[in-house]
Amino acid sequence: MKRLILLVLVLNITFMLMRYICIRWLIHALLMGLILLAIITLTKDIQRDYHGNIARKGQKYIELLSKQSVNKETITAKSILGKRYSFPEKFNDSTLDMNHIELLENEEKFYKAVFETIKKAKKHIHIEYFILKDDVIGTKFKELLIQKRREGVEVRLLYDGLGTLLIKPKYIQQLQKEGIETAAFSPIWEGVYHLSINHRNHRKLLVVDGKTCITGGRNIADEYFGEKTEIGEWKDIDILIEGTSTKQLQIVFLRDWYVATGKALTDKVYFAVGENAGQVPMQIVTGGPDSPQNNIEHTYFSLINKAEKQIHIITPYFIPSESIVIAIENAVLRGVDVEILIPIDSDNVVAKYATNIWGKRLTKSGVKVYKFTGGFTHNKMITVDGHVASVGTANFDYRGMQRDYEILCIIYDRGYTERLIEIFNGYLSRAYKVEVQGEESLTHLAGMQLIKMIRGSL
């Protein structure tokens, strides 16, 4: 029956073409195709020039910083300048940063960590967020920054031009009036002019006195601090870091600040971290459209390929690239137990549909997919074999792996990894398993093809 319907459709199209087609129409169609190809090519070339310019600015800042003798031996451009992530042979390798870390797995811990860390600031506060709102939390945040600036602390705020699009200008003006330096990374006008409005700075980063950093999935807005929304409470994981990784994260901020403002901050006061602040080995990985490789995708791919026993993933949007899908399916074939937790609801209707489609597909490959019913899981987390984990800003979607500017913290510690697995298992008490379905419907197949076409924009 399907073949008969297909034959009828093909014959119908053929008949219509033969009836209405003409040489003039063919010429017009060919010209339109060539014009469309030229538009796409020029668009890609303009975007490449723009992100290439950002990369050159970032490289220039690193060169300026390297001239400071205090930092020559501590800058490991491995993660900052775009080299691929590599899995260390030994977790006590000298190339790894040693840190004290704290998992901020609930809103109370995150609130306390952010506000108390800022209150303790003595010299400078550096803030970089994708979303900043002038709501209850955003107002408290602003008031605390103003208080610290009045105490003589340097305060710099870097925000994404699109993520903060709806914030009232008065909010930023009040900060500037108090002497707080602010800048938009890739403002809307700049994104439109360079045809790159779809490439955003998705990083979330707080650096205080060069000694303490907080990064992860949360932005500065009420929903990230426990306010219940239409899709329930938002669940997330952030990480507080004290140790040598703070130097790397400080460079990430200062590099982005230089790109956005042209101001190069290289004084040794910004790199005051001690060398022995903890015993947890870590690597910092950054990625973005200015990187020569897709660093975030390579990192996730490497972690999945190294798995021998188990993988746990939590992500709000699961719209992976084909390479990640193949890596996950290969892991299952090797006998690895792969479990993925996605939310039952989402703040993005199209992303929700796409996440559900990919989840259903992977159940057929033997992946255990669960849907969380207790709110919106905004976490970005993966654990491998109970001793390696990643917590950061990048989702398991095409945007997080290839489009946006992101940060990952790779943790090589069994205790913290096991704690993340406990958090995963705790979510399962309010989740249900997605069952393997029968033959895929035509609607499902059509939806999958559509998502593959547009996933870079989701």
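## Cavities, a pocket, a helix and some rings

About 40 Å³ of space lies in the second largest cavity of this predicted model. A cavity, here, is a set of points on a 1 Å grid over the protein atoms alone where a 1.4 Å probe fits but cannot get out. Grid points are joined across faces, edges and corners, and the volume is the space filled by probe spheres set on those points. Searching the whole structure turns up three cavities of 30 Å³ or more.

Before going further, some housekeeping. Residues are numbered from 1 along each chain as its sequence is written, and side-chain values use heavy atoms, with hydrogens and water left out. The model being predicted, local features need pLDDT of at least 70 and side-chain atom pairs count only at pLDDT 80 or more, while totals for chains, interfaces and linings use all residues.

Back to that second largest cavity: what lines it? Pro316, Tyr317, Pro343, Asp345, Ser346, Ala351, Lys352, Thr355 and Asn356 do, lining residues being those with an atom within 4 Å of a point. Helix 11 (residues 349-363) gives the most, with four residues. Helices (H or I, at least four residues) and strands (E, at least two) are DSSP runs, numbered from the N terminus. By class, the lining splits into four nonpolar, three polar and two charged residues. For this count, Ala, Val, Leu, Ile, Met, Phe, Trp, Tyr, Cys and Pro are nonpolar, Asp, Glu, Lys and Arg are charged, and the others, Gly among them, are polar.

Now for the largest pocket, with a volume of about 550 Å³. A pocket is an open set of points with protein on both sides within 12 Å along at least five of seven lines. Its lining has 24 residues, and Phe130, His202, Tyr317, Asp347 and Asn348 lie nearest the centre. Nine of the lining residues are nonpolar, seven polar and eight charged.

Helix 8 is mostly covered, with 15 of its 17 residues buried (under 20% relative accessible area; exposed is over 50%, partly exposed in between, with a 1.4 Å probe and protein chains only).

On to the aromatics. The whole structure holds 13 aromatic pairs, meaning rings of Phe, Tyr and Trp (its six-membered ring) with centres within 6.5 Å; planes under 30 degrees apart are stacked, over 60 edge-to-face and the rest tilted. Phenylalanine 110 and phenylalanine 225 have ring centres 5.0 Å apart and planes at 45°, so they make a tilted pair. Phenylalanine 110 sits in helix 4 (residues 107-119) and phenylalanine 225 in the loop between strand 6 (212-216) and strand 7 (234-235), so the pair ties together parts 115 residues apart in sequence. Phenylalanine 110 is buried at 0% relative accessible area, and phenylalanine 225 is buried at 13%. Both belong to one aromatic cluster, made up of Phe110, Tyr111, Phe115, Phe141 and Phe225.

The loop between strand 6 and strand 7 also holds arginine 218, buried with a relative accessible area of 1%. What does its side chain meet? One of its polar atoms lies 2.9 Å from the backbone oxygen of aspartate 236, and the backbone oxygen of tyrosine 224 lies 3.4 Å from a polar atom of that side chain.

Terms used:
Polar contact = N/O pair within 3.5 Å; in protein donor to acceptor, adjacent residues only side chain to side chain.
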